Amino acid sequence: MATHATEVRVQELSRLLNAAFATPLSTGNLAQAADLLEGIRTAEGIDYIILLNNKKQIIAARGWDIAHPLPPVDKLSLEHALPTLIHAATPIEFAGEPFGELRFGISTEIMRGGVNQLLLQNAITMVVGILLSALMMGLLGVWLTRHIHRLIKAAENAAQGDYDTLAAPISHGQDEISQLTRRFNEMASLIKERVDSLVMNEEKFHTIANYTHSTELWLSPEEGQLVWINDSVTRLSGYSVNECMLLGDFPLSLTMPEERARVTETLKQALEHRTVIQDFEFRAVRRDGQPFWASVSWQPIYDSFNNYLGLRASIRDNSELKEDRLSLRKAVIELRQIQSLGQSYLSRAESERARLTALLSAMRFGVLFVDNENRVVFHNPAFCDLWGLGPGNQLPGKPIGQILQIAENRPALGDIIANYLEELALSDDKVDFGELSMNDGRVITQHGFRVLDSQGTANGRMWIYEDVTQQREISEHMIKLAERDALTGLYNRHRFQQELDRMVSEADRKQSAMALVFFDLDEFKHVNDTFGHGVGDDLLKSIAKTIGTQVRRHEVFSRLGGDEFAILVPDCNEFEVSKLAERIVSSISQIPFTVEGHVLRPSSSVGVALFPNHASNSLELVAHADSAMYQAKSAGKSTWRMYRQDADPSRSAITRLSWKDRITEALENNGLELHFQGIYYPKTRKLAHLEALVRMKDLQKPDEIIMPGLFIPHAEKTGKIIDIDRWVIRSTIELLGKKANIPSIAINISGRSFDEPEMPEYISQQLKLHKVNPARLLVELTETAAVSDIRDAERFIDALRATGCTVCLDDFGTGFASFAYLKQLKADVLKIDGFFIKDLISDHDSQVFVRGMVSMAHEMGKTTIAEFVENEAIFNMLIELGIDQVQGYYLDKPMRDHPGLNII
């Protein structure tokens, strides 16, 4: 008996353990499987438990030393005594696939004690029953011995189900035995009828109950224990009726582990509140491990006295319906997503169409779409404006030829319609038809593009029209400025250098002579400082006009910059050049020039050098002509001098040594100082940043300062400009470090610093030393210096930008080369040269050029600054031209203690 009970116990535990560990092992959740070991061992009274994988390797163990080998599995037999500890094993399978094995040990002490106690109780009961039966039989035997045997025999037959053989009455008397016999016979007949009816009804019940599509079951009201279940459970789950009764927790044993808590809670609520639930779905698993969707419906049941008997439940396999529902739901979701995506695409397409239409309408380019039949599909307002088509004309759907025929503004010559109809326009992807000169004087470019649909099929053409009139004017003006000085209209330095090289080369080839005449104005700086740059410019234009009458057609008259002029004279001799020099000095001194009631008497110093008499190449010729001019100044000014070799070295050497000593002394004895001028936003007049300007103290006259125009040229010639640059850099960065309230300061770097590879690193070190944000330092480089050595300038600018500083290209626009090299020089700010600003109000060309520079700078993402803003009229016009920042005497002058240094 104990052996049988133990065997049943082992089988139950095997099924329980397989159900518990199948899911964790199948999903690879070994941590969950390990956590289950301790709980199962404690709850089920298991001595030890070991979890193995398919390779017989131990995954986890509880109650067993894994250092010892595993014991063999015990085989129970009725012929052998029950061992104290039974070693058992069970495979772990899910959906028919093995995932491992469980080895466990069950102690039989408790079971053995229970069996012994049960045997003892049965023995006592049997003894007491025997004694009582013997006593009763002894008492009744005396009286009933004669007749009772027949009644006993009938009762035995009835107990065996034979109700046909009834006990015959002893007599028709009224004694107890006769009445008992009659009553027994009546009761037997009635019982037979009832039993027959009950058997028939039971057969009907089982027939109906067992042959149902769903599994029907009855759960007790207390703990939800299984009371009854029909045979359909085998078809549903693979378990027999008896196995379901033995499982103890059916139908919870069918649920997936992750569904167990939900189903348990729902069943508990249904038992407590006696609720009716229809089609409650959960994921279940069959005996063979095959998962399926189960649907259960239950309702409370009552007996005839309305006593609560528990729940009647029906379970069916809902997998197919669930899959259909899931497929339908997935299809609905996908359909909604497709619908939403379609609506999104439609909305996006409408939005893109609206934006595209707005963009095309806002473009200054004329845009025209035609179909394969050359009928208008779309056009923007700029197209109508360029061709002179009024807003009342309904163009879509009309042939392009008809539309161009009614256009008021058409090309002056040529058959424009032929361009749209020729095969070339309809076949090539892009066709450039060049420029059209319109009736109103405008120049328009036209380009044709073939439009293809998603399959690559031609779907018409798009025509783009651009008004390039202003660009052509600017281009022509820029070409002019490449050779001409913006102020005087004379040849500029660039063209002068070309003509000088040509004439020197030609004179050398012909073995002839040519001359270079250099002259500038005496005390011209005093005119600018006293009366302003506007007056100085007027004086320069008067001199250019006057001397221009003295120059013959084959001679080249140029303005080199500032107040310096040069004349190239080919095929000449010393006498002819001397007369020209005399005429220049005399003509300039006789120019009538009145300013604010003051009569100015300009004078000039002229220097002359001849090739090949005084120089062997163009560079020497320029240097010696310049030296001769300074010889003239040394002779008292308002005169001219022919170059003399004996006078050149001594004078220039003395001058250079004198200024070199003064600059060195200033650097060593705090003889330099910074003055500051503000750069402002024109619309708000708010300070954008300051520019630091170096000044030298006059040590002999402490109250006076020396302007940079006097000492900077000598600093450049003697090489001291590098030391001045470093002093300016160091002093400015130190000031920025002390005054965090200053937004930023711009400094000027000379062209000689391009040859100093350590200069950007020096700036970076000073910024780090004084803890200054590099963005607060603007470094200005002159355009002429940068273009003269483009490679070093490009390297220098890139190194500066790497430190984080802002780079500004100063004096921008002084030559055509600035446009050519602007792409290479990655400057952040362009400071437009003051020569374009000073006469901005009266000079239309300057207005066009400044507008072009501003537009170009903005297109390239650069900031523009206009210097030399000296009156309100210039200031207001610069606002109209879109300039970003302004600087000049109209706003403030350079000063030592600028208010911008004290901004809070």
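Me: Where does Pro251 lie in this model?

Reply: In this predicted model, Pro251 lies in the loop between α7, residues 241–247, and α8, residues 257–273.

Me: What is the peptide bond from Phe250 to Pro251, cis or trans?

Reply: The bond from Phe250 to Pro251 is cis, with omega near 15 degrees. A cis peptide bond also joins Phe611 and Pro612, where omega is about 5 degrees, and Pro612 is found in the loop between β20, residues 604–611, and α19.

Me: Why does Arg274 count as partly exposed?

Reply: Partly exposed covers what lies between buried, under 20% relative accessible area, and exposed, over 50%; Arg274 has 40% relative accessibility and therefore counts as partly exposed. Arg274 is found in the loop between α8 and β7, residues 277–285, and has a positive phi of about 55 degrees although it is not a glycine.

Me: What makes Lys637 partly exposed?

Reply: With the limits again at 20% and 50%, the relative accessibility of Lys637 is 31%, so Lys637 counts as partly exposed. Lys637 lies in the loop between α19 and β21, residues 640–642, and its phi is near 65 degrees, a positive value in a residue other than glycine.

Me: Why are α15 and α19 called roughly perpendicular?

Reply: Helix α15, residues 493–510, packs with helix α19, residues 618–634, at an angle of about 115 degrees, their axes being 10 Å apart. Angles of 65 to 115 degrees count as roughly perpendicular, and therefore α15 and α19 are described as roughly perpendicular to each other. Their crossing is right-handed.

Me: Which residues of α15 and α19 meet, and how do they divide by class?

Reply: On the side of α15, Gln497, Leu500, Asp501 and Val504 take part, and they meet Ser618, Leu621 and Val622 in α19. By class, this contact has four nonpolar, two polar and one charged residues.

Me: What makes α17 oblique to α18?

Reply: Helix α17, residues 533–548, and helix α18, residues 574–589, pack at an angle of about 135 degrees, with their axes 10 Å apart. Roughly perpendicular ends at 115 degrees and roughly antiparallel means over 145, the rest being oblique, which means that α17 is oblique to α18. The crossing of α17 and α18 is right-handed. Ile543, Thr546 and Ile547 in α17 meet Ile584, Ser587 and Ile588 in α18, and the residues of this contact divide into four nonpolar, two polar and no charged.

Me: How many of the residues of the protein count as buried?

Reply: Buried means under 20% relative accessible area, and 43% of the 904 residues of the protein count as buried.

Technical notes: Residues numbered from 1 in each chain as written. Predicted model: local features only at pLDDT ≥ 70, side-chain atom pairs only at ≥ 80, totals over all residues. Heavy atoms only, no water. Axes fitted to C-alpha atoms, helices over the stretch in contact; angles between N-to-C directions. Helix = DSSP H or I, 4+ residues; strand = E, 2+ residues; numbered from the N terminus. Parallel < 35°, antiparallel > 145°, perpendicular 65-115°, else oblique. Left-handed = near helix turned anticlockwise from the far one by under 90°. Contact = heavy atoms within 4.5 Å. Nonpolar A, V, L, I, M, F, W, Y, C, P; charged D, E, K, R; others polar. Buried < 20%, exposed > 50% of the residue type's maximum accessible area, 1.4 Å probe, protein only.
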